[in-house]
Amino acid sequence: MSFNPTSQAWQCPGAKIPTYVFGSGTSLAEHVAQIIASLVRERNALGRPTVLGLPTGSTPVGTYRELVRLHEKENLDFSNVTTFNLDEYYGMAADQLQSYHRWMQEHLFDHVNIRPENIHIPNGTIPLEELDAYCRDFEDRIQAAGGIDLQLLGIGRNGHIGFNEPFSIRNSRTRLCTLDPVTRKSAASDFFGEENVPTQAITMGLATILEARKVLLLATGEHKSDIVRETVEGQVTDRVPASFLQDHDDTTILVDRAAARDLTGYATPWLQGNIEWTDEAIKRALLWLCDQTGKALLKLDDDDFRNHNLHRLVRRRGPAARLAHRVFRWMVETIQYHPAGTDTQRVLCFSPHPDDDVISMGGTILRMNDDGHEVHVAYMTSGNIAVFDHDASRVADLVTEFNRLFEIDEEKSRRVQQTVVDALASKQPGQLDVDAVMRIKGLIRWSEAKAATMEVRCQKENLHFLDLPFYRTGTVAKLPIGEQDVELICELLEKVQPTQVYVAGDLSDPHGTHRMCAAAIFRALDQTYKNLVGCPEVLLYRGAWQEYELHEIDIAVPLSPSDLERKKKAIFMHESQKDEALFPGTDPREFWKRAEDRNIDTANRYNSIGLPEYLAMEAFARWNGQAL
Ligand code: F6R
């Protein structure tokens with residue numbers, strides 16, 4: 001890979017569209033904002049307008065935030081900027097919670113000096129009979145503005161750009177389109193359920209997008225890594241609409257490391273040519289080779305290396321047995337039965353939602369408690385968004401009956417119950433809950449978290465419910481991390497004085513709760529321990545859905561059958577999160593089943609490279625001190 005000194009990004013070899021990998025989502029956003037700012041400044045200086053094509057979604061949030069900062073702090077002038085947004089849901093009024101009009105106002109337009117008449121966003125309320133003329137007019141306006149100078153794009157997990165879903169036509173123009181099930185599923189959380197997501201949208205066409213003079217496609221998070229690979233390494237196909245960008249003269253793809261993880265030039269750079277054989281690269285290559293050959297490390301021979309493009313490695317650092325033995329030793333050292341050691345330590349585990357702790361590291365928490373450590377768990381958010389209305393009303397009912405039974409201030413609880421019943425009866429899909437309902441939902445998750453940690457032998461006084469302000473919007477969209485969030489974490493670090501800290505280090509959705517919580521913790525660590533001097537050891541665990549790759553694991557904690565049973569029991573305490581409720585008809589035990597499968601799979605992967613055979617393992621990676 002070649003280093004681009006101006007942008008702190010690496011150009012990934014082997015990609016059919018120039019692709020740059022950034023160390024973090026933040027550096028990517030800053031770089032994109034700089035490109036836009038330079039263009040606007042250049043054209044302002046010439047007295048010419050700048051025409052931007054803009055997306056919504058989680059990906060450009062950081063870029064818009066940085067543009068706002070550049071406007072406020074560095075006088076970036078938007079008075080001569082014209083914008084065209086890619087799309088809007090059909091049937092959506094501009095002031096509705098999920099409208100892209102509202103989204104653009106809140107994330108960008110309200111904060112910069114753009115002229116309202118220069119903003120163009122498809123109108124989702126145009127009557128059907130006027131739609132064709134409206135779409136033609138949208139295209140005419142782009143032409144009248146001189147065409148799009150710079151088109152910013154996100155990418156859907158199915159490869160859509162704008163709402164040009166798979167099998168959209170290359171020559172398509174602005175039009176009404178039907179949303180793909182993958183798109184509707186991705187938007188489900190914004191609408192409190194897939195069934196509430198509109199089925200149609202107005203989108204710029206592929207031809208409209210491809211006419212832009214310059215295109216920047218951004219992708220962050222590992223949930224985009226598959227589709228990024230298909231876009232830049234695959235054939236041009238209407239199955240992946242973004243692949244049409246291969247035929248565009250001036251498109252650049254900008255990704256963070258998580259979204260780059262499946263790119264051949266990034267994941268297996270030795271297949272693209274010469275690389276520097278660092279210890280890290282050797283470990284990755286050998287574990288990859290085990291996977292390719294189906295052999296354990298110590299069974300690899302020189303031919304295996306030669307047959308898999310690793311001639312240079314075996315020639316320079318070999319023979320095979322020597323290389324394999326090195327990696328074998330490194331991997332053995334990752335297995336730690338006592339992850340916090342055997343001398344008494346104070347350990348602090350941060351759990352973004354009230355169940356991430358036991359799902360991802362319930363066995364490790366149990367082990368550390370059994371080892372005599374003081375294990376604290378900090379719940380960063382109430383998790384109330386993920387509780388169903390019927391559970392809130394059941395609890396309100398139960399408490400009212402409880403109070404009646406024991407003759408406790410019956411009147412007051414009846415009043416609260418009535419508020420809950422009335423609010424839920426009149427609630428529209430996607431509407432915010434009233435305060436009483438939100439509090440009850442938070443309470444449900446609080447009680448489940450408490451019960452679960454008791455299963456893994458935590459002490460009640462070591463549980464901390466931070467209820468960070470950034471999460472308290474009552475909707476799925478969150479506020480940016482603020483000083484108050486960071487301050488609350490600093491206070492806890494000060495109070496507990498941990499020697500070891502566990503953080504959910506998911507790299508998926510950059511604006512998802514896990515990643516935001518991690519970013520807040522890293523800021524707090526930076527603030528508490530200047531230059532990270534005296535900083536506790538920070539270990540990252542993956543969230544509920546995935547596990548680290550073998551080469552990423554720094555510590556693997558083996559679990560016995562009885563550890564695993566207890567961990568499952570702890571997860572089962574989170575009754576309101578049973579998948580049965582989410583997907584009627586599925587196995588109600590699915591959440592803990594998934595955790596079990598994942599831990600068993602990690603143990604099997606260790607075993608397959610020739611390490612001891614354990615039943616299950618929980619895995620952790622050491623934090624490298626970098627912001628996300
Ligand atoms: C939004 C749009 C979409 C998104 C894409 C990625 O205006 O046109 O194509 O860019 O769905 O969305 P996020 O960024 O939320 O992953």
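Which residue just after α17 takes a positive phi? Arg-457 does, with a phi of about 65 degrees. This is a predicted model, where local features need pLDDT of at least 70, side-chain atom pairs count only at pLDDT 80 or more, and totals for chains, interfaces and linings use all residues. Residues are numbered from 1 along each chain as its sequence is written, and side-chain values use heavy atoms, leaving out hydrogens and water.

**View 1. Helix α17 covers residues 435-455.** Helices here are DSSP runs of H or I with at least four residues, and strands are runs of E with at least two, numbered from the N terminus. The expected span is 1.5 Å times one less than the number of residues, so the 21 residues of α17 should span 30 Å, and the end C-alpha atoms, 31 Å apart, agree with that.

**View 2. Helices α18 (483-496) and α19 (513-528) pack together.** Their angle is about 60 degrees, with axes 8 Å apart. Val-486, Ile-489 and Leu-493 are among the α18 residues in this contact, and α19 brings residues including Ile-521, Ala-524 and Leu-525.

**View 3. Glu-596 sits in helix α22 (residues 590-608).** Is this residue buried or exposed? Glu-596 is buried, with a relative accessible area of 11%. Leaving aside residues up to four places away in sequence, Glu-596 touches Leu-564 and Lys-568.

Terms used: Axes are lines fitted to C-alpha atoms, for helices over the stretch in contact, and angles run from 0 to 180 degrees between N-to-C directions. Contact means heavy atoms within 4.5 Å. Buried means under 20% relative accessible area, exposed over 50%, partly exposed in between (1.4 Å probe, protein chains only).
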